[in-house]
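Subject: Structure handover

Hello,

Here is the structure I promised. Please open it first and then read on.

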Amino acid sequence: MGKQLITLTVNGDEYELAVASHHTLLDVLRNQIGLTGTKRGCTAGSCGVCTVNGERGEAILSCLSLAVEWDGRSVTTIEGIRQGGELHPVQQAFLEYGAVQCGFCTPGVVMSAKALLDVTTSPSEDQINEALAGAICRCTGHIKIKKAVRAAAAVMRDNEARDDG
Ligand code: FES
Ligand code: FES
């Protein structure tokens, strides 16, 4: 099958890639670039383990998005969210609140939470529930995860206030 050359920026690094028309963003991230933090689960848009962030920080299910549609665009994965060598506030809060459950669901949950907090650092419970609804751990629950998201939101609000001040 023919391949198309695309330019894709991942976590700030630009890649030129020959991609097959049926390959997804998930395929390219994992198999061609070697960033395996983004997980492959249902490949049908139901589990959220493949969640990455698009240009505006929005949550993207990379298993549902064809790689050719990402030509000239940029994406952030779990490997790219550290800030200045430090964990992102969402990652830090997940550690502090025991919200890191397994390596399979956690990256997608973190990226879903980050997408929400990039839009608002004062999310309502409904907004938190909605943001996490597609990124489910089916083994345990969301209680610690939600505590961590609220804590990360507080840290990000403080950071914003410091930056504004
Ligand atoms: S792999 Fe399950 S939603 Fe993408
Ligand atoms: S899927 Fe990760 S702990 Fe349940």
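Below are the notes on the domains and on one helix pair.

This is a predicted model, in which local features need pLDDT of at least 70 and side-chain atom pairs count only at pLDDT 80 or more, while totals for chains, interfaces and linings use all residues. Residues are numbered from 1 along each chain as its sequence is written, and chains are lettered from A and ligands numbered from 1 in the order in which they are written.

Domains

The protein splits into domain 1 (3-76) and domain 2 (89-164). These bounds come from an automatic or database domain assignment. Their centres, taken over C-alpha atoms, are 22 Å apart. Domain 1 puts 13 residues into the contact and domain 2 puts in twelve. Contact requires C-beta atoms, placed from the backbone, within 7 Å. On the domain 1 side, strand S3 (residues 51-53) gives the most, with three residues. Strands (E, at least two residues) and helices (H or I, at least four) are DSSP runs, numbered from the N terminus. That side of domain 1 has five nonpolar, six polar and two charged residues. Nonpolar covers Ala, Val, Leu, Ile, Met, Phe, Trp, Tyr, Cys and Pro; charged covers Asp, Glu, Lys and Arg; the others, Gly among them, are polar.

Helix pair

Helix H3 (residues 106-119) and helix H4 (residues 125-133) have axes that come within 9 Å and cross at roughly 140°. Axes are lines fitted to C-alpha atoms over the stretch in contact, with angles from 0 to 180 degrees between N-to-C directions. H3 brings Val109, Ser112, Ala113, Ala115 and Leu116 to the contact, and H4 brings Gln127, Ile128, Ala131 and Leu132. Seven of these residues are nonpolar, two are polar and none is charged.

Best wishes

Technical notes
Contact = placed C-beta atoms within 7 Å.
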